[in-house]
Amino acid sequence: MLDTAEEITIAPVPGNGSVTAVEVVDLRKEFVRRKKRKTGFGRERKRVAALDGITFTMRKGETLAILGQNGSGKSTLVRLLSTLLLSDGGSVRIFGHDAYREHRAVRRLVNRVSVEASFFKKMSATENLSYAARFYGMAPSQTRDRIPEILERVGFPRDRLGDSMENLSRGTQQKVALARALLTSPVLLLLDEPTTGLDPRSKLEVQQFIREIRESHDATVLLCTHDLAEAETLAERIGILDAGRLIALAPADELKARYGTETLEEAFFAATGKTLEDEGEEDDE
Amino acid sequence: MKGAASTMRAELIGLAGVVERNVYLTKRYFLWDVAFFLWTVANTLTIVFIAKGFEATGATLDVDRATTSLLIGAVIWAYLGIIFEFLTETVAWERWEGTIEYTFMAPLSRAMHLAGQGVFAIIYGLARAALLFAVVAFFFDLSLPNANFLAALLVVAVASISFIGIGMMTSVMPLISPEKGMQLGFIAQGVLLVVSGVYYPVEVLPQWMQWIATISPATYALEGARAAIMEGAGVTSMWEHVWPLIIIGVVSVPLGLWVFSRGERYAKHHGKLKRSG
Ligand SMILES: Nc1ncnc2c1ncn2[C@@H]1O[C@H](COP(=O)(O)OP(=O)(O)OP(=O)(O)O)[C@@H](O)[C@H]1O
Ligand SMILES: [Mg+2]
């Protein structure tokens, strides 16, 4: 852990020895969607539930994969856990800290990688990581060696340290995004489709690295993905989100047994009640 | 106690991080800044030539005095533009790059985040304003033997605290309206300067505008800067301009922060922070 990190308590669960990392209770989030009226005058406002009463807990050190179609609410969940959205009901606790009332403590504990790398494109990887680390209270003396070190660990080519981000491939950018998240030593890592759009090799590298982090950092990982194999190999439990509801949450084997299927993919379709042909029709993005 | 000290340290490091990021960006976009500066010089010249123009039409006036007065107005106009631009970019630029969510989920408090943006804006803006003044003064061959630039700098620096407070309010627009929102900064800059006697004494304005002038920090910045540069008023005599600025600053900065935090709440309720994914 960082030595500048403020004392943030991580409360053990009374009774058993394991620590609850994430506790989500009846979490709800709605968005207003505007539609053109049929008459052509004005716009109709409709409230749509992106998350419709989600409840689950994660144990410290666990990796939980969330599967779900486009628009099922995965990113909304990630944003609620990272204090970027305010909920419309229910609660989120991260290591005992309420995400709304104690957002500062929560922010200190969490970091995130999203599907888009999101950097200042004209700045180099090192520059992007430096300023971002400052926002977490890391002084230059702490980042001087640590940034090149961490970039090396994610497999960032050493000779490109000074290149601006816009000249790096997507795979390389995504590695920098992972490095940025790790730099602040988060105890909860939120990964929102970290390997979507990567070539097979970059994908494997990123997955290998996620495995490594889990083992070396004892981090708790919430992984949203469309890649069922990725979910199965990386996660201990798999949750299925469907239209804002968590309709299943169990280890992959249990899911397969429950739906009487051979593969996780079949279980996923059985759970969401959709066949391959239906898939993709409901793209709300 | 130890906790409070380490929180404060982390906050200051975060503030420095905002400044650091702007230094990187300024380096990377240096040529753009040079181009924009040249545009500002041209713009300033067009205004400052007005005094010479009047003389040529036969009007009697002290051309050097009028030129200097217009120059001070134009430089402050440009300075205010830079301050509001930086503050508005706190959100607008990050939204464009897609980094906004990462910045807003960091533990750095919004007050320090905006303060960092303000500190950089002031340093950059003052350096640019000084250069602009020097270039145009040289062009017109203005000799300002009495000018007290230190006093002028002081009064503008104090006024800047209020400008930052107002800038925080204008920077809330891109937060709640992702597509547009830069415009509010321009409006604030224009309204503030029109009532503050940017190219004329406040006394020529209609009464109601003069009332607004008394609560505009730009009024005191312009008066103070003119007294210092044109009459050679010293640092100690700046007090009459500085005390109203302190009062305006004490009100506008917390108000600016409050407005911004309301905007942030709204954005987090309605999902306006996200860019995609
Ligand atoms: N900021 C927002 N404003 C309005 N509606 C939103 C916003 N964010 C999400 N939604 C809506 O909420 C629902 C869930 O979206 P979300 O992005 O969480 O889905 P997702 O599971 O991450 O999808 P994908 O796989 O496409 O990334 C969708 O209907 C989406 O249109
Ligand atoms: Mg998503």
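Which element of chain A gives the most to the shell around ligand 1? In this predicted model, that element is helix 1 of chain A, which contributes 3 residues to the shell.

- Ligand 1 is surrounded by 17 residues, and the closest of them are Gly71(A), Lys74(A), Ser75(A), Thr76(A) and Gly271(B).
- Sorted by class, the shell around ligand 1 holds 9 polar and 6 charged residues, together with 2 nonpolar ones.
- Within chain A, strand 1 (20–36) and helix 1 (74–81) each supply at least two residues of this shell.

**Polar atoms facing ligand 1**

- A polar side-chain atom of Thr76(A) is 2.5 Å from an oxygen atom of ligand 1, while an N or O atom in the side chain of Lys74(A) lies 2.8 Å from an oxygen atom of the ligand.
- The side chain of Arg33(A) also has an N or O atom placed 3.0 Å from an oxygen atom of ligand 1.
- Ligand 1, when taken alone, exposes 630 Å², and the protein buries 88% of that area.

**The contact between chain A and chain B**

- Chain A brings 45 residues to the contact, and chain B brings 43 residues.
- The two chains bury about 4,000 Å² between them, with 54% of this area on carbon and sulfur atoms.
- Of the area that chain A buries against chain B, 19% comes from Leu84(A), Phe120(A) and Phe135(A), which is more than any other three residues supply.

**Polar contacts and salt bridges across the interface**

- Across the interface of chain A and chain B, 16 residue pairs are in polar contact, counting pairs with both residues at pLDDT 80 or more.
- On the side of chain A that touches chain B, at least two residues come from each of strand 1, helix 1, helix 2 (103–109), strand 6 (110–113) and helix 3 (125–134).
- By class, that side of chain A has 16 nonpolar, 13 polar and 16 charged residues.
- There are 6 salt bridges between chain A and chain B, whereas a search of the whole structure finds 25 salt bridges over all chains.
- Arg104(A) forms a salt bridge with Glu11(B), and the closest N and O atoms of this pair are 2.8 Å apart.
- Another salt bridge is formed by the side chains of Arg28(B) and Glu127(A), at 3.2 Å from N to O.
- This pair joins two chains, because Arg28(B) lies in helix 1 (residues 2–28) of chain B and Glu127(A) lies in helix 3 of chain A.

Conventions
Residues are numbered from 1 along each chain as its sequence is written. Chains are lettered from A and ligands numbered from 1 in the order in which they are written. This is a predicted model: local features need pLDDT of at least 70, side-chain atom pairs count only at pLDDT 80 or more; totals for chains, interfaces and linings use all residues. Side-chain values use heavy atoms; hydrogens and water are left out. A residue is near a molecule or strand if one of its heavy atoms lies within 4 Å of it. A polar contact is a pair of N or O atoms within 3.5 Å; within protein, one must be able to donate a hydrogen and the other to accept it, and residues adjacent in sequence count only if both atoms are side-chain atoms. Accessible areas come from the Shrake-Rupley method with a 1.4 Å probe; for residues, only the protein chains shown count as cover. Helices (H or I, at least four residues) and strands (E, at least two) are DSSP runs, numbered from the N terminus. Ala, Val, Leu, Ile, Met, Phe, Trp, Tyr, Cys and Pro count as nonpolar, Asp, Glu, Lys and Arg as charged, and the others, Gly among them, as polar. Contact means heavy atoms within 4.5 Å. Buried area is the accessible area (1.4 Å probe) that two parts lose on being put together, summed over both. A salt bridge is a side-chain nitrogen of Lys or Arg within 4 Å of a carboxyl oxygen of Asp or Glu.
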